[in-house]
Amino acid sequence: MSRRLERSQLWQLTAARTREFMREPEAVFWTFFFPVLIAFALGIAFRGGEPRPIHVGVERGGPAEAAFAALDSADALAPRWLDPADVDRALRDGDVALVVRAAPDRLAYRFDPTREESRAARLAVDDAIQTGAGRRDVRPVEDERVVARGSRYIDFLIPGLIGLNLLSTGLWGAGFTIVRMRSGKLLKRLMATPMRRPDFLLSFVLARMVWLGAELALLLVFAWLAFDYVVAGSLVAALFISVLGAFTFSGLGLLIASRAKTTEGVSGLMNVAGMPMWILSGVFFSYDNFPAAMHPFIQALPLTALLDALRAVMNDGAPLLATWAQLGMLVGWGLGCFGVALAIFRWR
């Protein structure tokens, strides 16, 4: 088979994959518009501006009026009265971060110490009550607020959403489609054609690249218009990292689908592969929140490498070469997954 014919087959397969994508409105929505909706919702929830007051409760009964007045005078606190029967429910549902219980000789702070907002509420509440009781600061201090670009939650979130979308579309766009074709006996028919197996699998990877630029542009333009998000580093470098991530996750999707026979089976395998990365890799919050003993495992995940590289370039303005370790890990994952998928793939 001539080289020209092989290239023609590959481009025709890629074009077919691209047309299939455009014929599925659900795929278009999840690829282009769902990340924008998440960015909008979380960007609004964690928007900048003046700090929001901490909601705390004061249990009715006992000498609580003085405590309530002290809390009400603090700008950082928003106190509310609670009946004793409602205290645990308010804490459980997150209506308040802390509840103050007053007795004639003492105050009790009821809160969950594992919640960061509750620990912050404990400090703010105690400061307000002690100040209301007559405590004076020994040394005057003043606040210097810093609002630096790149330090907001939306700045952390945008690269995370890019990585999450690359993971999801790579797994489901490639793997789910192949298994659906296998279960529908279409792969069995294609086996009788002169089409090469590498061309067939590579067409899924290339088709994923066709819409990648538009996908990134839509999310970044929206983030810029809605939240004044600006890429600190090179857009070309960010695009290169994204292309490498798309190749890696498409290879992972092909590997998962190389032997799966049913859509139910491949869905379970994709959840097994993708869910740990959704949770651990730092999409919505830093993986530093997990125990240090887990960090080597987390950093070995391909989504972690992708997000670390994207945030270094997009938020910190780092050059592409500074992310060589993460890029090498993505290349290793991508080539390894694609190579194994090519070796074990079966048409039937």
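Reader: Why is F290 called buried?
Author: F290 has a relative accessible area of 19%, and buried means under 20% (exposed is over 50%, partly exposed in between, with a 1.4 Å probe and protein chains only), so F290 counts as buried. A quick caveat: this is a predicted model, where local features need pLDDT of at least 70 and side-chain atom pairs pLDDT 80 or more, while totals for chains, interfaces and linings use all residues. Residues are numbered from 1 along each chain as its sequence is written, and side-chain values use heavy atoms, leaving out hydrogens and water.

Reader: What makes F285 partly exposed?
Author: Its relative accessibility is 38%, and that puts F285 in the partly exposed class.

Reader: How many aromatic pairs are there?
Author: Five. The rule takes rings of Phe, Tyr and Trp (its six-membered ring) with centres within 6.5 Å; planes under 30 degrees apart are stacked, over 60 edge-to-face, the rest tilted.

Reader: Why is the pair of F247 and F338 tilted?
Author: The ring centres of F247 and F338 are 6.5 Å apart and the planes sit at 40°, so the pair is tilted. This pair links distant parts of the chain, 91 residues apart: F247 belongs to helix α10 (residues 235–257) and F338 to helix α14 (residues 324–344). Both F247 and F338 are buried.

Reader: And what makes F285 and F290 tilted?
Author: Their planes are at 40° too, with ring centres 6.0 Å apart, so F285 and F290 form a tilted pair.

Reader: Why is α10 called roughly antiparallel to α13?
Author: α10 and α13 pack at about 170°, with axes 9 Å apart. Roughly antiparallel means over 145 degrees (under 35 is roughly parallel, 65 to 115 roughly perpendicular, the rest oblique), so α10 is roughly antiparallel to α13. Among the residues that meet there are A237, I241 and F249 in α10, and P302, L306 and M314 in α13.

Reader: Why is T304 called buried?
Author: The relative accessible area of T304 is 0%, so T304 counts as buried. T304 lies in helix α13 (residues 302–314).

Reader: What does the side chain of T304 make a polar contact with?
Author: The side chain of S281, at 2.9 Å. A polar contact is a pair of N or O atoms within 3.5 Å; within protein, one must be able to donate a hydrogen and the other to accept it, and residues adjacent in sequence count only if both atoms are side-chain atoms.

Reader: What makes D228 partly exposed?
Author: A relative accessible area of 39%. D228 is found in the loop between α9 (212–227) and α10, and its phi is near 60°, a positive value in a residue other than glycine.

How values were computed. Helix = DSSP H or I, 4+ residues; strand = E, 2+ residues; numbered from the N terminus. Axes fitted to C-alpha atoms, helices over the stretch in contact; angles between N-to-C directions. Contact = heavy atoms within 4.5 Å.
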